[in-house]
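Subject: Two-chain model, handover and notes

Hello,

Here is the model I promised to pass on. Please open it alongside this message; my notes come after it.

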Amino acid sequence: MKANSLISKLLAIVVYASISLWSAKGQYKPIVKLEKISAKDFQVNSPVVDNNANAVILADIGSTDFEGNTNGDLNLVFKETKRILLRSRNAFDIATVKVPVYMGGVIDEEETFGNFEATTYNLENGQITETKLDKASLFKEKYNKYYNIRKFTFPNLKEGSIIEYKFTIKSPYYEHLRNWQFQDEYPVLWSQYQVTIPPIFDYLSIRKGYLKFAIDSVANVFKAYSIIVSGDATAASDIYRFSGNATAALWVMKDIPALKLEKYTSSNKNYLAQISFNLRSIHFSDTYTKFIVKDWFKTAEDILKKPDYSCIRDNNNWLRENIQSIVPDAAPDEEKVRKIYAFLRDNFTCTDHDTYKQSQSLKKTFQTKTGNVADINILLMAMLYNQGIESDPVFLSTRDNGWANESAALINQYNYVVSRILLGNKVYVLDATQPRLGFGNMAAKCLNGFGRIINKKSPWIITLSPDSVMENRNTAVFLNNDSIQGVVGTYSSNLGYYESLELRDELAKEKQEDYAKDLFKAYPQEIEASGLTIDSLKSYDDPIGINYNLKLKFGEEDIVYFNPLFDEQLKKNPFESAERLYPVEMPYVKKSTYTLNMEVPKGYKVDELPKSTRVKLNEDEGMFEYMIEKSDDNIQMRCKVGLKKATYNPDDYATLRDFFAFIVKKEAEQIVFKKIK
Amino acid sequence: MKHLLYIFVLLPTILLAQDYKTTLIPDSLKYNADAVMRFEELHITIKGIDRAVVKHKWAITILNENGDHFSFYSNYYSNLRSLSDISGKLFDTEGKLIQKIKKKDIGDVSATDESTLLSDSRAKYFAFHCKNYPYTVEFEDEEDYNGIYILPNWQPIEKAYLSLQQSKFIVETPLDYNLRYKQINYLGDPIITNKNSILTYAWEITNKISFQAEKWQPPINELTTKVLVAPKRFSIGGYSGDMSTWDGLGKFLLTLNKGRNELPDNIKQDVHTLTDKLTTKQEKVYILYNFLQQNTRYISIQLGIGGWQPLEAKFVGEKKFGDCKALSNYMVAMLKEAGVNACYVVVKSGSGNHFNLIEDFSAPYYFDHVIACVPDKKDTIWLECTDQTMSCGYTGSFTDNRKVLMVTDTGGTIVTTPHYSINENRGINNVHASVSNDGTLSAEVISIYTGLLQEDLHDLYYHATQKQRDKYYNHSLNLPTYKVENINYKESKGRIPEIEEHISITSLNYASVTGKRLFIQPNLFSKLEKLTTDKPRKFDIVIDESHIAIDTIALEIPKGYSLESMPKNVSINNKFGFYSIEYSIKDNLITTIRKHTENENRFPASEYLELAKFYEQMYKADRAKMVFVKDE
């Protein structure tokens, strides 16, 4: 039992002598107990509260302490008090509160939810009225295997009500010390979290967000803990006491603006002001410390020892026969890797792209052809190993999961696993869970900085950065005078890799003829497009080529206005909002080149040609070039848009927006042909 | 012994197993289909007035990725309806069994949605994943009804792109049960047999070819085969009734609501304080509706019979929240306290092309919402009690223009909610704009929207923050790089609500200025899209809303340009509606007047090409360009 072992080791604890209190530095003091609500609380004056705020979190105060329980163990005691002013009906939905209570894990017991109170305060004719929520209106909902939800809604709400609730959760799961989110959908005036940790525990805290703390302090406080081991029929209860210098940390943020969501950010999780905890070690005695978070060498070794990952190197004989029907035994390694990868990618369905843990056995994954991202990519590695080909798991955090901390070996920050393999002297990173993904390519959502190689000898990182991925598109249009048909020509375009992937996904669901209709519809009436062919649609490792024919029906018009870019023209600025708080994070670095070669239509002359232009974005971060010239009866143009990187700081936003505004404007320009009279 | 057991278990399986080889599907059923229903049986056994067992078994062959959702199983259950014996099998294209659902693989989740505080509704689910098309899934489950109110309907083809080989609907009832049924698009009568004092009704269809979804198509219920069944006498949650007439169903609702309309004393007092001095019914309704809006909010609680029975008026009075049933019941109670006769009304909610109830087949499953109504010979007032910002007496597209069941003091009767006609749904834009030398557009827009056309703006006005509005406008206009500022609204509440909207727009590069030319699209905002004509139209065209749109745009361009080319005026008047766009130029001021009206109507499929041509003409006219040349 975990409990007993903890007790026996605890007895050797050393008590520190020095006691210190909160350092009194700084102008702010923590709130010990919220003041009684008074009339002035209904009026808020704060730099972060404007007319847009439908609600204001007046105070959110939380703490986590440890206390001994009667099972011979320690509990985490989490307390929260939250006070909210509801200024508009549009925020009434936050008056329905859901608190998840954990009940899963190894020992399968629900955390204890208690000390619950909830009250609505209304200011009526200068008087404050209180409506308490009756206990019968607190509901428990079974959410899933791991969580129950406590749910309640406040009675007697009006615009202008203040609601306040508090509760305590006692938890035996001290690996789950609750995180704290300072920032919210609504402005927060005061958010405070205090964590007091007994000397035997060591937690690593990780902060995110751009906001500053009003208080950020750590102190030592003397604490005594008593743990009871309940007796039974044959034995009396035992009480164990220990005391020592606990580490008390206190974080306060004041006047926190509401969180805003913006386009082209990888994850709002990266910007939300919050603090999270990971149990690093338990110091049982001077001679024994159990490390939960270790260095990457040890962490990789531990991961690979667990059945999840050790099965890669098991003697999976049953695989051999199955692999033989995919690729012959005698095939060279590279062919084997490519065939096995394609087999998994094309026949297996990934049902969960958000884990690094196996959900079922290798055999079940193989039989049902279904599994999560770990199931499938681990099967890939096991199949390769079966053929004598070594590969390493690579852990990564996807863009929507936020950035992972590079240095600390905190595996909970990761939510995805792929595989790295060395073929000859070339490194490939493989993910068999994305349909139609090319060999050695990564889905755009996996490009979030880096991946961690899970290898006990060399647990290094590999770069998976949007800035390192080039997306090139090349388009060429040729138009000639045909004695019978007028102006005819060809369009051909080689798409970038990710654009190709998107088109493959689209064409898996849509018929090619329907796609062609949509594509051709974008041309103005006087241009007829036909005969679409798509190259490399099924060869997933190559970019797609699109080709079709064009025919211009200039007819009898005296003046023809002609945009040389056709539908390639950028019609709308991708950066709509006028301001930006967070960096712009595009999924890859994009470049496109468009060239046109055309004969001046018979019977017409060029009356006006757009001017050639070249502009740069911040010296060397991007370039737009629009070159056009006429020689004799030929018009040649080249239009290039290229960015040098995928990520831009908020400071560069205005420049970036102007850059694209200029492109939109320039690309709208037209050639004017006049009939020769 | 062991051998015997094997034979006993295996034999029935062999006999009953269907052959799911996909080559057995006729080619005609595969054309334009994502999936083919191979076999279905929906079997209801009615055990008595309040007990029924529903067994459902079906097999679907999935032909391509778009049909994958048919390989997902999910079904709801609650205290009044348990769910058991779920089985699922996956077969390859040869019809060989390759996977079976295991009990531990079936998911079980709360089916409570975001706006619901409490409900006993839960769902079980499972999904097969297969990429080797075509493949076949077979599912089976059993529901136990503890109380009968709503029986399942049979509609084998519920959506587009699904073909069908065979489907059966069987209902077994006691001899004296008096099952009522209604057939839609079903030829012939059910086969009814009487065996051992059990009446069995059987319907069956075979070989139905899939249909494709079309814009403006009639409601799905008109397009495919459907059979509705309902009891005469029924009992649920300790309440019983007779739904063979609308009056009977109304009586049942009266029983459910009985004794639940008692208001707390302080609310009674509030009602009298507010209304005693008022003389007209309209004034009383208006002030009490306003009181309801100010003092309650919508919170859904659905437990057992509470899915149909309102929470008591006393509860709402104290907690100040409730769902549509509770709030409507509370509103009716307040109106009655003020001496105004009012009724509880059940309705099918939702905007757009909905399925009206069938008047000669009374049953509760048409309905999913409750409103209140103050009946009057000339001026009936309808009240949506879950919305805190709506105009008093405006039903909106959520409940307009449909048949509903009004619960009176003695029973129930079918009435129709208001219909908003063309002159009540107006969108008028007045634009004053100018273009600068570099092509930047500045425009002041004053718009007036009424009736159904003001609903989006109503939401922006009441339920969006200034920032959300900025975001909305800065995404919704069809301009290159632009910014919307100074958004203001003025609302006039009323039976036909009206919202006036003011916005200022600046758009970079709106006009294209080249060396010597200026290109302008004088119609700034209202642009219709084309209709697709690549496939022959199959269904009638149902246009379900009438409205009128008028744009007047005065656009000033820089001085020193002369007109080079100008679009022609267009005016088209036909059975589909009216469209006109007219331009006039005086000095450097271009005035454009665009009018478009569309009429609620139904046209045969044969007129679709004509309608598409009309849209093509409007598409072109909306985007016509003017070109000016710089004076030398």
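Below is what was found, from the chains down to single residue pairs.

First, the ground rules. This is a predicted model: local features need pLDDT of at least 70, side-chain atom pairs count only at pLDDT 80 or more, and totals for chains, interfaces and linings use all residues. Residues are numbered from 1 along each chain as its sequence is written, while chains are lettered from A and ligands numbered from 1 in the order in which they are written.

Chain A overall

Chain A has 677 residues, and 32% of them are buried (20 or more other C-beta atoms within 10 Å of the residue's own; exposed means 12 or fewer, partly exposed lies in between, and C-beta atoms are placed from the backbone). Its C-alpha atoms fill a box of roughly 110 × 80 × 45 Å along the principal axes. Chain A holds ten helices and 35 strands. These are DSSP runs, H or I of at least four residues for helices and E of at least two for strands, numbered from the N terminus. Take the contacts in chain A with a separation of 6 or more: 72% of them link residues 24 or more positions apart. A contact here means C-beta atoms, placed from the backbone, within 7 Å.

Domains

Domain bounds come from an automatic or database domain assignment. Chain A splits into domain 1 (5-24 + 44-291), domain 2 (296-464) and domain 3 (470-675). The C-alpha centres of domains 2 and 3 of chain A are 39 Å apart. Seven residues of domain 2 of chain A meet nine of domain 3 of chain A. The domain 2 side of that contact has four nonpolar, two polar and one charged residues. For these classes, Ala, Val, Leu, Ile, Met, Phe, Trp, Tyr, Cys and Pro count as nonpolar, Asp, Glu, Lys and Arg as charged, and the others, Gly among them, as polar.

Chain B splits into domain 1 (19-231), domain 2 (245-416) and domain 3 (422-630). The C-alpha centres of domains 2 and 3 of chain B lie 39 Å apart. Eight residues of domain 2 of chain B and nine of domain 3 of chain B make the contact. On the domain 2 side, one residue is nonpolar, seven are polar and none is charged.

The A-B interface

45 residues of chain A touch 41 residues of chain B. Elements of chain A that each supply at least two residues include α5 (333-347), α8 (497-509) and α10 (653-667). The chain A side divides into 14 nonpolar, 16 polar and 15 charged residues.

Cores

A nonpolar core is a set of buried Ala, Val, Leu, Ile, Met, Phe, Trp, Tyr and Cys residues joined through C-beta atoms within 7 Å. The largest has 70 residues, and B:M331, B:V345, B:A372 and B:C373 have the most contacts inside it. Helix α8 (residues 324-337) of chain B gives the most to this core, nine residues. Domains 1 (19-231) and 2 (245-416) of chain B both give residues to this core, so it lies between them. Beyond its neighbours within four places in sequence, B:C373 is in contact with residues including B:V345, B:W382 and B:M406. Apart from this core lies another, of 53 residues, among them A:L479, A:L550, A:Y561 and A:Y648.

Strands

Strands pair if DSSP finds at least two bridges between them. In chain A, an open sheet of eight strands runs β5-β4-β8-β2-β1-β10-β13-β12, with mixed pairing. β5 (127-132) and β12 (215-229) of chain A stand at the edges with a single partner strand each, so one side of each has no neighbour in the sheet. Within chain A, β2 (residues 74-86) and β8 (residues 162-171) pair antiparallel over ten bridges. A:F78 stands opposite A:I169 there.

Elsewhere in chain A, β23 (residues 470-482) and β29 (residues 589-599) run parallel, joined by ten bridges. β29(A) is also joined to β33 (residues 634-643) of chain A, antiparallel, by nine bridges. A:Y594 in β29(A) stands opposite A:T475 and opposite A:C639 in β33(A).

β12(B) (residues 191-195) has five residues and the number buried is zero, so β12(B) lies largely in the open. β12(B) pairs antiparallel with β13(B) (residues 198-208) over five bridges. B:K195 stands opposite B:I198. Two residues sit between the strands, and B:N196 takes a positive phi near 50°.

Best wishes

Notes. Contact = placed C-beta atoms within 7 Å.
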